[in-house]
Amino acid sequence: MKTEINLNDNKEVNKAVPKKLLSKSSSFVPANLDKKKVNLEDKTGGSTTEINIPQKNTDIYCLIDKIPESEESNNSLRILLELSDVQRREDLFKQLINQRDKDCQLSVFLWFTPGIVAILLQEIISVYPHITNMSLSHTLSDRICHVLGLFQCIALDHRTRPCFLRSNLHLYVYPLINTLNKQRPYEHLRVTSLGVIGALVKGDECTEAIRYLMKTELIVLCLRIMKKGYEMSRTVSVFIVLKILQDNIGLDYVCRTEERLNAVAGILKDMVDEVDKSKSDEMNESKIIRQALRCFNRLSENQKFFKKSK
């Protein structure tokens, strides 16, 4: 028989919420989380349902236990708890974005607080129909960009980045990138979504991220934007391609087939030629050309490209 938990029952809710979110205790682990099984009694029929719970990951909880108490962390936790109020979420997302520079532990709280990632993912999925129907408003675009900003926060932190990748959450961002509409709400959403991918490949230790991203159509999406997109989205896209090429795995992937190599080199050349002829923002132009030249420089280190370019 189906078992239901009454969310209005504070006792049941408290079981699922870490102690640190309910008090000033330094423990982030619910008291009963280390038990292998939990019995839930079905109020309708009196039957008992047995749920298997994996044993806790010691490394994760040691990480959380080491987080020091601070006013900013407490503010972050308070805002996260208030996300249960659907009517206030838009304002709360803005508050969390403001917390990014103030609370260096925000990414950990975002990932390990029960239900938060599900809320963020629900927000992103909810915008899909608006993209398909071409009904995306400025307000909705800004709201989802705030959510994507929180995804960026998780993707940037070396403690939470592996969890983000292994959960394949980056795949839910691709539909927001794969849009051709050049109106401001769509471009804003596209650039911020690319920023999530850029956060995954940013830094020196991005080999794991490259391996995950190479299994997807990311290169194709970036090349499409580099060919037809606006300057900001082009700038972020060529940055992502550069970071992929700077990794040996990424370089090998691009140069593995002649078709793929020709596509990357051809679009880089066309983009540089087009930027050189345009009368756009000089700062963005210089960024695009500089990054494109660095891409060519990295490609030249591959023997297949070197022989072809002679």
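**View 1. The largest nonpolar core of the predicted model.** This core holds 84 residues. Leu268 and Leu299 have the most contacts inside it. Helix α9, residues 138–156, supplies the largest share of the core, with ten residues.

View 2. Cys295 has a relative accessible area of 0%, so it is buried. Cys206 comes to 6% relative accessibility and therefore counts as buried too. The cut-off for buried is under 20% relative accessible area. How many disulfides does the model have? The count is zero. A pair of cysteine sulfur atoms would have to lie within 2.5 Å to be counted.

**View 3. Ser73 in helix α4.** Helix α4 spans residues 71–82 and includes Ser73. Is Ser73 buried or exposed? At 3% relative accessibility, Ser73 is buried. Its side chain makes a polar contact with the side chain of Asp103, at 3.2 Å.

**View 4. Residues 1–61 and model confidence.** Across residues 1–61, pLDDT stays under 50. The model has 78 contacts beyond four places in sequence for this stretch. For the chain, the mean pLDDT is 79. A pLDDT of 70 or more is reached by 73% of the residues.

How values were computed:
Residues numbered from 1 in each chain as written. Predicted model: local features only at pLDDT ≥ 70, side-chain atom pairs only at ≥ 80, totals over all residues. Heavy atoms only, no water. Buried < 20%, exposed > 50% of the residue type's maximum accessible area, 1.4 Å probe, protein only. Helix = DSSP H or I, 4+ residues; strand = E, 2+ residues; numbered from the N terminus. Polar contact = N/O pair within 3.5 Å; in protein donor to acceptor, adjacent residues only side chain to side chain. Core = buried A, V, L, I, M, F, W, Y, C linked by side-chain atoms within 4.5 Å. pLDDT = per-residue confidence, 0-100. Contact = heavy atoms within 4.5 Å.
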